[in-house]
Amino acid sequence: METLWFCIVAVMLTAYVLLDGFDLGVGIIHLIAARTDDERSALITSIGPVWDGNEVWLLAAGGTLYFAFPGLYAAGFSGFYLALMIVLWLLMLRGIAVEFRGHIRNRMWTSFWDVVFCGASLLIAVFYGTVWGT
Amino acid sequence: MGLALLLVLLPREDWPDNIPLLYFSYHINGGPWHHHAGGDGGQRSGALAEESVSPPRIAVDSDAVISVSIHRSTFGWMTTELGRQPWLIYGIMRTAEGTSPHVTGGNSLFTLLGFMGIYPIPGVLFLALIWREIDHGPARSELAAPALTHY
């Protein structure tokens, strides 16, 4: 039974890494790959319908970890408390940047949220690497 | 099993009164609902995307998947809340024993301040955006041509 749950959690985390990795990649490169505001909008639009859905895999993996391997869940989330809290903040900032960016047609406004989106995406990848690598 | 072993150390009248609710919440959360919401729900979505199905069937299937997901998250929440409360609140375990030794007071304070900062800033921005939309009012075309109300 433990092996089955391990496989389920592994599948969920793999799905999250693959699917949200695409979203994070778009966030990281969109300041460099896209030069104009329209190109950046096009990149963000490409992940628009899926980015929050992809993050549900992380929630599902966390929830499954909670009742399948509570010891691992407790040790992981308390041992990496600060790093995971920072990841939570960065995920929030990323979502806010995507949602707020298009509300005002102002160069300073959109540039600010572009930088927030790029920085948050990059730092999320760094902190994931720190947590899972450790 | 661990809960039962600890409970027998207490007088019966001191037992938490929500153990049956916890028991059923846990088993409903981890039981057949899980397979339905996770596996069957995904298969249904795939089938809906590939096959030509009638709108009533889509509505029924969507309702089933959504309601099962909501039920499952609710029972999961109940398991979490009910499961931890008896240990600490009903005096079975000391509060000090329920804390994590890896999370320092400084960490807790830092994250508390972080959340206190990260919520108000988007909140103020959100209010500013709402105010801006209200200030703009409806578009001129909407004012000139009222929408039809009969179908």
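Biologist: How many salt bridges does the rule find across the interface of chain A and chain B?
Modeller: It finds 0 there. A salt bridge here needs a side-chain nitrogen of Lys or Arg within 4 Å of a carboxyl oxygen of Asp or Glu. Please keep in mind that this is a predicted model, where local features need pLDDT of at least 70, side-chain atom pairs count only at pLDDT 80 or more, and totals for chains, interfaces and linings use all residues. Residues are numbered from 1 along each chain as its sequence is written, chains are lettered from A and ligands numbered from 1 in the order in which they are written, and side-chain values use heavy atoms, with hydrogens and water left out.

Biologist: What, then, lies between chain A and chain B?
Modeller: 18 residues of chain A are in contact with 23 residues of chain B, contact meaning heavy atoms within 4.5 Å. The buried area is about 1900 Å², and carbon and sulfur atoms give 78% of it; this is the accessible area (1.4 Å probe) that the two parts lose on being put together, summed over both. On the chain A side, Phe67(A), Tyr81(A) and Trp89(A) lose the most area, together 32% of what that side buries.

Biologist: What makes Arg101(A) and Asp37(A) a salt bridge?
Modeller: Their closest N and O atoms are 2.8 Å apart, and the cut-off is 4 Å, so the pair qualifies. Arg101(A) sits in helix α5 of chain A and Asp37(A) in helix α2 of chain A, 64 residues apart. Helices are DSSP runs (H or I, at least four residues), numbered from the N terminus.

Biologist: What is the largest nonpolar core, and which residues have the most contacts inside it?
Modeller: It has 15 residues, and those with the most contacts inside it are Trp89(A), Leu90(A), Leu91(A), Ile124(A), Tyr128(A) and Phe115(B). A nonpolar core is a set of buried Ala, Val, Leu, Ile, Met, Phe, Trp, Tyr and Cys residues joined through side-chain atoms within 4.5 Å. α5(A) gives the most to this core, with 7 residues.

Biologist: What makes the span of helix α6 (residues 120-136) of chain B agree with expectation?
Modeller: The expected span is 1.5 Å times one less than the number of residues. For the 17 residues of this helix that gives 24 Å, and its end C-alpha atoms are 24 Å apart, so the two agree. Gly137(B), with a positive phi near 75°, follows α6(B).

Terms used:
Helix = DSSP H or I, 4+ residues; strand = E, 2+ residues; numbered from the N terminus. Buried < 20%, exposed > 50% of the residue type's maximum accessible area, 1.4 Å probe, protein only.
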